[in-house]
Amino acid sequence: MEFEHKVVVITGASSGIGAACAVEFAKLSAKLSLISRNKDKLTKVGDQCQKINGLKPMIIIADISVEEDVNRIVEETINHFGKIDILVNNAGTCVMGKTQNGIEAFDRVMGTNVRGTFLLTDKIIPHLIKSKGNIVNISSILSTKPLSSMTAYCISKAALDMFTQCVALELGPKGVRVNSVNPGAIKTNLFVSAGLSKQENDEIFQFYEKVAPLQKIAKVEDVANIVVFLASDRAKCVTGSKYVVDCGAIIAEGLLN
Ligand SMILES: NC(=O)c1ccc[n+]([C@@H]2O[C@H](COP(=O)([O-])OP(=O)(O)OC[C@H]3O[C@@H](n4cnc5c(N)ncnc54)[C@H](OP(=O)(O)O)[C@@H]3O)[C@@H](O)[C@H]2O)c1
């Protein structure tokens, strides 16, 4: 897999799955445009990538739920690199809660996971058509497995799966592929940022380790490897697909409700 002349935009690259994607693409000599809201954390990931391949990634501090920020992501990346080949829509947020949690929490989750992803994709599409590039969206196994404790999050990921398929249908004739990677539970900051205590967070991972047929949980690198595969020419006949990376959890008996 060769990304030497490819420009890859990764949202949510300051931690977890997005940071692991940045590192894996850096190992394959990609030119990176890394996006998140936290300058210090994003700069550290950028430095780590530069140590790997000697190329300085573009660091863009931006909130994908804000339209002016999204415009800036596209403008600054194009001004710097001249093109975009791959978009990894990874930035995402989660809130714990059922329907009584208030509309603000719903708006926050949908504003980033769906609206922000839609906005950025919409503005990058003309560049992907020019480069015959591709998109990888980071969804979740919760796009098809309802959890009453994460209603807004589940809705957002179900919407993202449909977004993947609609855009794949639209852009296929223009030579642009669109796929999603749907991870199971992965050890990152996501659920603690959503308000879980460390103990509750640990319990989730222990549960999935026990219930998954492979009796383990995937790591951020396992997700990043599938992202890189889908973004590469090895997946040139794959579009509109959903790649589940969950050690089999979704097919297990007794998954949480
Ligand atoms: N961990 C899991 O178990 C799991 C399972 C399935 C799917 N996923 C999905 O994987 C993706 C990455 O999550 P993660 O697990 O790696 O969690 P994470 O470590 O919390 O990463 C989330 C990333 O998204 C960024 N982000 C959040 N809101 C943003 C916004 N409005 N604008 C720009 N960047 C934003 C965060 O950066 P800043 O805070 O610096 O902005 C951070 O880099 C998410 O889409 C998540 O839904 C995770």
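Which residue has a backbone N or O atom that lies 3.0 Å from a nitrogen atom of the ligand?

Modeller: That residue is Ile64. The model is predicted, so local features need pLDDT of at least 70 and side-chain atom pairs count only at 80 or more, whereas totals for chains, interfaces and linings use all residues. Residues are numbered from 1 along each chain as its sequence is written, and side-chain values use heavy atoms, with hydrogens and water left out.

The protein covers 95% of the 880 Å² of accessible area that the ligand has on its own (Shrake-Rupley method, 1.4 Å probe).

Around the ligand stand 29 residues, and the closest are Ser14, Ser15, Arg37, Tyr153 and Thr188 (a heavy atom within 4 Å). By class, this shell holds 12 nonpolar, 14 polar and three charged residues, where Gly counts as polar and Asp, Glu, Lys and Arg as charged.

The ligand takes up the space of the largest pocket (more than half of its atoms within 2 Å of the grid points). A pocket is an open set of points on a 1 Å grid over the protein atoms alone, where a 1.4 Å probe fits, with protein on both sides within 12 Å along at least five of seven lines, and lining residues have an atom within 4 Å of a point.

This largest pocket is lined by 47 residues, among which Gly92, Thr93, Cys94, Thr188 and Leu190 lie nearest its centre. Its lining divides into 22 nonpolar, 20 polar and five charged residues.

The second largest pocket, by contrast, is lined by 17 residues, with Asn134, Arg177, Ala231, Ser232 and Asp233 nearest its centre, and that lining divides into four nonpolar, five polar and eight charged residues.

Notes
A polar contact is a pair of N or O atoms within 3.5 Å; within protein, one must be able to donate a hydrogen and the other to accept it, and residues adjacent in sequence count only if both atoms are side-chain atoms.
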